Amino acid sequence: MNVVFMGTPDFAVPSLQALLEQGYNVVAVVTQPDRPKGRKRELAPTPVKAEAMKHGIPVLQPVKLRDPAAVDEVSSFKPDLIVTAAYGQILPKSLLAVPQHGCINVHGSLLPKYRGGAPIQHAVMNGEPVTGVTIMYMAAGLDTGDMISNVEVPITDEDTAGTLFDKLSVAGAELLRTTLPELLAGRIQAVPQNEADATYSPNISREDERIDWTKSSLQLFNQIRGLNPMPGAFTLLHGEVFKVWASRKPADDERTNGSAGKVRPGTVLQMTDDGLEVATGSGSIWLTHVQPAGKKAMSVSDLKRGTPIAKGTVLGETN
């Protein structure tokens, strides 16, 4: 059986490895074009491309998959099945019709919740206690295809988007291992999604990154960890971008009143070696790892030794 695999980031690599380990004939890999990385902005292969090159698999990197020439190039490998995982482009109808066993996608959520490009970040930012991976048939809509199988993965208080990416990446690959033989043998009946339960998770915008101090301390805790390790949450300190990479989950008293009282949201209440306590719309939150403009990320204790932030400073102000 000829399989074309389509994926781009680290999340997709274990799924490609699973196909190879199970002996499927991966005839080509389709991934996004190389992007500049690092301070020197040198072109770097995507993680999926790097893995494919290890195995001598032909790699295609169309700028726009919907271009007829790109569809023809993928079709020339005569795939019986197309498997995608975090590829980053929507497959055109003309390509969906090519493989006799269809096109399936390894998606990082429990569909129909969190369709779209950033399901993992949004699940953490929304404080979900559980998420998972769904394998589904691809359709013309955005993550609307019939569901083939899924697996649940708990979200702990210690999870960030980064740790959850890793967990779901492994879970998705294992689900693919167990699902494909059953699917190809005709022993799985795909189930349509319930549109009434559908939610969407668009790609992260700049506004998603901005901290709104009028929100509750628990909401901000979830936002901060949902944007770690990238792109990171931010506020302003003396008018300059001040990144916030980690915070402590608020205790019950910190979520309601705590030290904040009726202080203006965004006001620094105290700075200690344990962190920076900031008033929120409901209670207070302790920031533990931050990044001032022009500097590297650091613990608040390190920042305190070099550039302490005075009590009463209001974060988020333009001046």
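Start by selecting G56: this glycine follows helix α2 and has a positive phi, near 65°. Before moving on, some ground rules: this is a predicted model, where local features need pLDDT of at least 70 and side-chain atom pairs count only at pLDDT 80 or more, while totals for chains, interfaces and linings use all residues. Residues are numbered from 1 along each chain as its sequence is written, and side-chain values use heavy atoms, with hydrogens and water left out.

Next, select α2 itself, residues 47-54. Helices here are DSSP runs of H or I, at least four residues, and strands are E runs of at least two, numbered from the N terminus. Colour V48, K49, E51 and A52, the buried residues of α2; buried means under 20% relative accessible area and exposed over 50%, with partly exposed in between (1.4 Å probe, protein chains only). Why do they sit on the same side of α2? Because they cover an arc of only 160° around the axis, going by the directions from the helix axis to the C-beta atoms.

Now show what the buried residues of α2 pack against: β1 (2-7), α1 (13-21), β2 (25-30) and β5 (59-60). Contact means heavy atoms within 4.5 Å.

Finally, zoom out. The protein has ten helices and 15 strands, and its C-alpha atoms fill a box of roughly 65 × 45 × 30 Å along the principal axes. Of its 319 residues, 50% count as buried. Among contacts between residues at least 6 apart in sequence, 64% join residues at least 24 apart.
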